[in-house]
Amino acid sequence: MTDAAIYATADRSLARKRLTTFAAPAVIMAYLTYVFFAFDVAGLSERVSVDNMQTLVSDTYSYKVHVARDNRSGDTEVSIEGERKGEYPEGTSLDWVDLGDTTRVDLADGSYVLMGETVTYDIPGYGTVTATPGSSGVNATFPAGDIPEWINASKNRVAITTDAGRLTVTRNRTEVFRYFYGWELFFFTLDSPFHGKSFAELATGGQYGAIWNDFWSNKMWRHSDVAWALAETILMAFLGTFGGAMIALPLGFIAAKNFTPLGSLRFAARRMFDFLRGVDGLIWTIVLSRAFGPGPLTGSLAIMLTDIGTFGKIFSEALENVDDKQIEGIASTGAKPMQRYRFGVIPQITPVLLSQVLYYLESNTRSATIIGAITGGGIGLLLTQAIITQKDWEEVTYYIILIIAMVMAMDSFSGWLRRRLIQGNGEGGH
Amino acid sequence: MTSAADAPQTTTDIRTDYLAQMRHKRMLNLILLLVFAALMVSGFYTADARNAGGFWNGWRQMLDFPADVVGEAIERAHLLPGYLLKYLPSLLETINIAGAATLIGALIALFASMLATRGLAPAGWLIGPVRRLLDVLRAVPEIVVALVLIFLLGGGPVPAMIAIALHTVGALGKLFSEVNENASLKPVEGLASTGGSWMQQMMLGVVPQVAPNYLSYALLRFEINIRASAILGFVGAGGIGYDLRNTMSWGQGKFDEAAAIFLLLFGTIIIVDQISSHFRNRLTHGKAYKDKGAVL
């Protein structure tokens with residue numbers, strides 16, 4: 001080749017390189033622009049629900065206590081999050097609620113609401129709002145001037161939202177929310193004698209059985225149900241992964257070239273793996289939940305079927321890379337076929353198989369959460385249920401934290417097991 | 001370690017010693033195996049007991065639903081091409097969710113991985129926090145983020161895209177930073193000596209070395225993300241998964257449409273798998289990149 005020709009080739013290859021360097025970002029930009037319009041990202045700002053965002057954020061670190069007065073009977077109830085399970089038993093006194101014919105509710109900023117036949121709320125920096133609910137409506141009066149936008153007033157309903165709390169008055173019901181920090185009733189519900197006691201009091205008081213029992217059967221946070229759900233999710237991952245591996249191992253031998261001389265058998269096994277992997281976990285979950293109904297068994301089987309495909313492929317590839325020398329060595333001592341497999345093949349592939357299987361154990365814990373959300377089992381189900389109610393966001397946060405902790409724990413557990421087992425195999429003979 | 005340093009051992013001693021060790025080891029292995037088997041069996045029975053329908057009854061019905069679907073699909077086979085066409089836009093949306101999420105996730109992962117690699121990070125104290133962040137992103141299942149975002153942003157493809165992209169950042173960030181560890185630092189030093197900024201050192205010194213491995217991992221992620229995108233559709237995030245749930249809930253008589261969706265999904269996954277594994281093979285075993293120590 002002449003110098004000129006070499007220069008020309010170099011120029012051409014440089015020009016091509018330059019083109020790709022500029023073309024690749026341009027293609028990426030073009031694609032993202034297309035997606036921007038296809039997904040209507042611009043219209044997202046209209047769809048974003050700021051209210052939902054506020055509820056979600058404030059719910060995760062605070063809880064509210066409802067003080068509600070039935071305007072027909074005049075009865076007043078105090079309950080956490082307005083739930084029957086969180087109702088304060090009659091006779092409990094809270095230092096910010098003064099129950100009576102006219103109930104006085106102190107709010108965090110020093111203002112208070114008087115709830116009786118007439119509701120009075122003296123709002124700092126605005127003025128006094130009164131309302132007298134009756135058959136003709138709520139009959140509210142406001143200070144002179146325009147009604148600000150944090151007050152929502154109509155004939156039959158008045159809602160006032162301030163930083164300190166929220167007051168709603170309708171004909172039948174007057175309700176005040178006051179916000180507090182934390183997750184209330186996380187350890188004990190109100191009907192438990194241990195509610196409100198400090199850790200030191202509980203630790204020195206004995207009665208550990210009763211304390212545990214009250215915590216475990218907490219009706220608000222359902223600790224025992226949550227623990228079962230986590231266990232179910234891990235069970236799905238465990239059964240699915242190891243069950244899949246156990247079924248895939250013999251099939252892997254059938255799909256490996258050096259163990260199955262019969263081409264058609266090999267072909268059939270491989271296409272089966274492709275099919276099992278190609279039919280996604282989602283489809284397996286749907287098909288199986290039709291037969292077995294919702295629950296952890298369905299999830300386990302769905303993970304198992306997908307994993308048979310994945311493991312079968314990995315195992316057969318590992319088997320094809322087995323070193324023949326070791327098998328020949330074993331054969332030269334007069335070993336029978338079974339012994340040749342046992343001492344010539346298995347020790348070679350165990351580290352590869354184990355490390356793959358344990359790696360999938362972690363990723364399947366995540367899949368089990370997702371499958372649980374679809375088919376109804378484990379922590380995935382609890383999470384979707386909590387999200388669907390659209391109000392128990394502190395529970396959603398709690399479950400999300402538990403899920404992250406569970407996946408990370410499974411990750412480090414499988415990593416630890418991998419190091420232990422594979423190291424152990426390397427040390428000595430079998 | 002056996003009782004070594006004492007008197008010289010006879011062959012018999014060594015042999016008894018060895019056999020004793022072997023027995024011990026076999027015993028341990030047997031116990032481990034028994035524990036494992038017990039866990040599997042009891043786990044199976046627990047799962048069976050807590051499931052709505054039992055295994056032994058369900059086993060016989062397992063083929064009923066596929067048979068229904070296939071039966072209806074064959075019965076109205078002439079409608080199938082129409083259905084395939086009808087659900088093509090949804091399929092495209094599912095693929096786009098996966099594609100955009102992979103792309104955005106990979107781009108963010110690229111920078112995150114540089115920040116998480118010793119020798120490349122502009123500040124050493126960043127490495128720990130960035131790695132922990134990647135761990136958390138990886139640990140959160142996509143569905144968790146997607147469900148929360150659907151509540152905030154309404155249904156549609158964007159929540160799914162963000163959810164998958166976040167998970168992708170975590171998964172690819174870790175793999176990328178493992179690739180970065182093997183990258184030679186010489187080009188980076190060379191660029192630094194000429195006064196190149198950190199950005200220039202990374203883009204011109206590191207990325208060309210690691211691009212093939214990055215691409216290969218990103219393609220594998222794309223495969224995984226298509227499956228994830230279909231699943232998220234099923235919980236309300238748009239795309240083919242959403243259609244699948246709707247056709248399924250119509251029940252018997254509409255399973256021919258479900259069959260069309262199954263076919264589309266199955267076909268897409270197989271085709272993307274094939275294409276991506278072809279390109280990954282070229283990227284990692286190609287002539288030009290052979291000596292780079294490809295991982296996949």
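## Helix packing and chain contacts in a predicted model

Helix α7(A) passes helix α9(A) in a left-handed crossing. The model described here is predicted.

The two helices span residues 263–278 and residues 296–320 of chain A, respectively, and their axes come within 7 Å, crossing at roughly 135°. Angles over 145 degrees would count as roughly antiparallel; α7(A) and α9(A) are therefore oblique to each other. On the α7(A) side, the contact is formed by A:Phe273, A:Leu276 and A:Arg277. The α9(A) side contributes A:Leu305, A:Thr306, A:Ile308, A:Gly309, A:Thr310, A:Gly312 and A:Lys313. Sorted by class, this contact comprises four nonpolar, four polar and two charged residues.

Chain A also meets chain B: 52 residues of chain A are in contact with 49 residues of chain B. Helix α8 of chain A, residues 281–292, supplies eight residues, the largest share of the side of chain A that touches chain B. That side of chain A has 35 nonpolar, 12 polar and five charged residues.

The unreviewed UniProt entry places the feature "transmembrane region" at residues 19–39, 226–254, 368–390 and 396–417 of chain A. Two of these spans are described in the table by their secondary structure and the separation of their end C-alpha atoms.

| Span | Helix | Strand | Distance between end C-alpha atoms |
|---|---|---|---|
| Residues 19–39 of chain A | 95% helix | 0% strand | 30 Å |
| Residues 368–390 of chain A | 87% helix | 0% strand | 23 Å |

How values were computed: Residues are numbered from 1 along each chain as its sequence is written. Chains are lettered from A and ligands numbered from 1 in the order in which they are written. This is a predicted model: local features need pLDDT of at least 70, side-chain atom pairs count only at pLDDT 80 or more; totals for chains, interfaces and linings use all residues. Two residues are in contact if their C-beta atoms, placed from the backbone, lie within 7 Å. Helices (H or I, at least four residues) and strands (E, at least two) are DSSP runs, numbered from the N terminus. Ala, Val, Leu, Ile, Met, Phe, Trp, Tyr, Cys and Pro count as nonpolar, Asp, Glu, Lys and Arg as charged, and the others, Gly among them, as polar. Axes are lines fitted to C-alpha atoms, for helices over the stretch in contact, and angles run from 0 to 180 degrees between N-to-C directions. Angles under 35 degrees count as roughly parallel, over 145 as roughly antiparallel, 65 to 115 as roughly perpendicular and the rest as oblique. A crossing is left-handed if the near helix is turned anticlockwise from the far one by less than a right angle, and right-handed if clockwise. UniProt positions are given in the numbering used here, feature names are shortened, and annotations may be inferred rather than shown by experiment.
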